[in-house]
Every structure is written in C-alpha cells, then in structure tokens.
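Please look over the sequence and the model before reading the points below.

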Amino acid sequence: MRVEISLDPDWLDVAMIHHFLSESAYWAKGRSLATVQRAIDNSLCFGAYVDGRQVGLARVVTDYATFAWVADVFVLEAFRGQGVGKALMQAVQDHPDLRELRILLATRDAHGLYAQFGFAPVPPDIYMHRSKPRS
C-alpha cells in the first residue's frame, strides 16, 4: 500500500474529516461541521491518501516561529497498522517550517507512535491549560 501525504487543502475530504471527528474521536465528539471547517482553514493540514482516497489527517496549529500544536491526528480504522500514522508524523517532522519549533500534542492512547518521533511525556506542573468556557 502506497500512502501519499499532501498539504493541498483542496484535497481534504471535509465531510469525512467532520464525520470521523464528531462521531469517532474521543477528543472531538459532537464537534460541528462549521468548527471543523474553521479549524482546517486556520491550520496546516497533512492529509494521508491511499489510491486517491483520504484515510487520515494531522492538523498543525503554529506561529511558524517558535511553537506548533499537533491536533486531530487520526487514521480511518480500516487503514490502521499499515504505516499511515507514521507517514503523517514523518511528514510533520520533515516539514521545513516546523523542524526547529517546539511541538506539543496530547494523546490518550498513541504514546508509542509519537515516541518514535521524539515526543516524550511533559513533566508535571510545567504546562497549564484553560478549558473552553462553558455557556
């Protein structure tokens, strides 16, 4: 199986991305199509394709100077375990605008994948976060 990675936003299957995120991703259940589209529009998106069909995504939010956040990384279930996730993360790691940046991500279940690309757990009590305000 040959995996192609593209940064072309016109290739992104926004309907598939929205469906996966809003229905299957523990971190994004219920996310609206408008929110998914806005996130895509304001991010550097790496799409993974097999035979012209999008099968995965890694979205990077960055200032292109000091920091990047890797978000919404997923591979469709039928394509997992075949190197698609590794291809996505290799493309992120190799992108010339991201090579020298501090990169952060969060995961509940893919520590082994990210460790292969130099990611390590963050020491406690260094980072803080603010959850989105509840309405």
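Which strands does helix 1 lie across, and at about what angle does helix 1 run to strand 4? In this predicted model, helix 1 lies across strand 3 and strand 4, and its direction is at about 90° to strand 4.

- Five strands form an open sheet in the order 1-2-3-4-5, and their pairing is mixed.
- The edges are held by strand 1 (4-6) and strand 5 (102-105); each has a single partner strand, so one side of each has no neighbour in the sheet.
- On average, neighbouring strands of this sheet are turned by 25° against each other, with direction ignored.

**Pairing of strand 4**

- Strands of a sheet pair through backbone hydrogen bonds, in either a parallel or an antiparallel arrangement.
- Strand 3 and strand 4 run antiparallel and are joined by six bridges; in strand 4, Trp-69 is the bridge partner of Val-61.
- With strand 5, strand 4 pairs in the parallel sense over four bridges; in strand 5, Arg-102 is the bridge partner of Phe-67.
- Between strand 4 and strand 5 the chain passes through helix 3, which gives a right-handed β-α-β crossover.

**The nonpolar core**

- In soluble globular proteins, nonpolar side chains tend to be buried together.
- The largest nonpolar core here has 38 residues, and the members that touch the most others are Ile-17, Leu-21, Phe-46, Val-60, Phe-74 and Leu-98.
- Two or more residues of this core come from each of helix 1 (14-24), helix 2 (33-41), strand 2 (44-50), strand 3 (53-62), strand 4 (67-75) and helix 3 (84-94).
- Strand 2 supplies the largest share of this core, with six residues.
- Leaving aside residues up to four places away in sequence, Leu-21 touches Trp-27, Ala-28, Lys-29, Arg-31, Val-36, Asp-72 and Phe-74.

- The side chain of Ser-22 reaches the backbone oxygen of His-18 at 2.8 Å.
- Residues up to four places away in sequence aside, Ser-22 touches Ala-28, Lys-29, Gly-30 and Arg-31.

Methods:
Residues are numbered from 1 along each chain as its sequence is written. This is a predicted model: local features need pLDDT of at least 70, side-chain atom pairs count only at pLDDT 80 or more; totals for chains, interfaces and linings use all residues. Side-chain values use heavy atoms; hydrogens and water are left out. A nonpolar core is a set of buried Ala, Val, Leu, Ile, Met, Phe, Trp, Tyr and Cys residues joined through side-chain atoms within 4.5 Å. Buried means under 20% relative accessible area, exposed over 50%, partly exposed in between (1.4 Å probe, protein chains only). Contact means heavy atoms within 4.5 Å. A polar contact is a pair of N or O atoms within 3.5 Å; within protein, one must be able to donate a hydrogen and the other to accept it, and residues adjacent in sequence count only if both atoms are side-chain atoms. Two strands pair if DSSP finds at least two bridges between them. Axes are lines fitted to C-alpha atoms, for helices over the stretch in contact, and angles run from 0 to 180 degrees between N-to-C directions. A crossover is right-handed if, with the strands pointing away from the viewer, the path from the first strand over the helix to the second runs clockwise.
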